2 protein chains.
Amino acid sequence: MLIGEYTHTVDDKKRLSLPMKFRKELGKKVVVTPGLDGCLFVFTPSQWRVISKKLSESSMLQSDARSFNRYMFGGAVEVSVDSIGRILVPEFLRERSHITDKVVVIGVQDRVEIWNEKAWKDYKQFVEREADTLAEKLGSIGVL
Amino acid sequence: MLIGEYTHTVDDKKRLSLPMKFRKELGKKVVVTPGLDGCLFVFTPSQWRVISKKLSESSMLQSDARSFNRYMFGGAVEVSVDSIGRILVPEFLRERSHITDKVVVIGVQDRVEIWNEKAWKDYKQFVEREADTLAEKLGSIGVL
DNA sequence: TACTAGGTGGGAAGAAGTGGGAAATTTCTT
DNA sequence: AAGAAATTTCCCACTTCTTCCCACCTAGTA
């Protein structure tokens, strides 16, 4: 299980260290995709296979399914982890998630998320303020 | 699986490099067809057989199926990949998809799409604005 | 204070994208 | 039908970006 929050930097060569604690679980290759709320997702190849299978069950002839598949498949990249645990995030994904130098890497159960540091702070603040309201919503649908 | 986004140029001789990561899967010959939403599709010969079979199963009695088939079959061309991974896109296909010099090549699962650079940027921006809707779709098919 | 572990940075070798030239094939004209 | 011209195809070369490896630095710990 991937948990925890780590602040790392992207160096001049656009390399990003994965937190030590995540490396064993992530393995030597990972798949980076556009995420939600402005972050990037990082999956292990096997998890990505599960997700892509679900995605592929939609028809090419439907316009919303097409755009959705383009978004996810076109935005996904398999990158290899170098000998000391770093990955190279392609430019088009960095742009999309506004990743510059300071990023926050978070473990969320079975995936890793990469956030722009400021975006993450704002988001976290927002969530903390709304925590009570969110808890009530979750409660009302039977989560907690 | 074909994934990722690559920006390439069409040179003066109208040659287009396929991204290195796609070459192995695409092989020595590919089929280029008019795509949807203003792009071109690139299939492997075997994938093209699957697609064309599906298309030909649609009823010839429906006028929209007929026109769509004319659109796809009439515009399809088999081209060979040269020794360093480039293809030659016929002029009538370049015109149709407004391909000039800067193009974006995207992997979408089992096909490759070729986009005019600007058209792709616009399209991507449009899709990204729909992120919330996309998130709900992800939930509804059980991805996240 | 010294040692270890993890994060950051840089240089060199290699690969990939782009461009150009020469040869071959086709087509048009005389 | 033959020659010339133009287009295509194959191959090679250059340049830029990537990738791999090694070194440093900082922080935490014994």
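In the predicted model, the surface near DNA strand D comprises four nonpolar, two polar and four charged residues.

The contact between the protein chains draws 18 residues from chain A and 18 residues from chain B. On the side of chain B that touches chain A, the elements supplying two or more residues are β1 (2–9), β7 and α6 (131–140) of chain B. The residues on this side divide into 11 nonpolar, four polar and three charged.

Chain A contains an open sheet of six strands, ordered β1-β7-β8-β4-β3-β5, with antiparallel pairing. Its edges are formed by β1 (2–9) and β5 (77–80) of chain A, each of which pairs on one side only. Neighbouring strands of the sheet are turned by 25° against each other on average, direction ignored. Helix α5 (residues 117–129) of chain A packs on the sheet through contacts with β1, β7 (102–109) and β8 (111–116) of chain A, and the direction of this helix makes about 105° with that of β8(A). Within the sheet, the antiparallel strands β3 (residues 29–34) and β4 (residues 40–43) of chain A are joined by four bridges, and Thr33(A) stands opposite Phe41(A) in β4(A).

The largest nonpolar core has 61 residues, of which Val32(A), Val42(A), Ile114(A), Val42(B), Val105(B) and Ile114(B) touch the most other members. Strand β7 (residues 102–109) of chain B gives the most to this core, with five residues. With residues up to four places away in sequence not counted, Val32(A) touches Leu40(A), Val42(A), Ala76(A), Val77(A), Val79(A), Val89(A) and Leu93(A).

Terms used:
Residues numbered from 1 in each chain as written. Chains lettered and ligands numbered in written order. Predicted model: local features only at pLDDT ≥ 70, side-chain atom pairs only at ≥ 80, totals over all residues. Core = buried A, V, L, I, M, F, W, Y, C linked by C-beta atoms within 7 Å. Buried ≥ 20, exposed ≤ 12 C-beta atoms within 10 Å, placed from the backbone. Contact = placed C-beta atoms within 7 Å. Nonpolar A, V, L, I, M, F, W, Y, C, P; charged D, E, K, R; others polar. Pairing = 2+ DSSP bridges. Axes fitted to C-alpha atoms, helices over the stretch in contact; angles between N-to-C directions.
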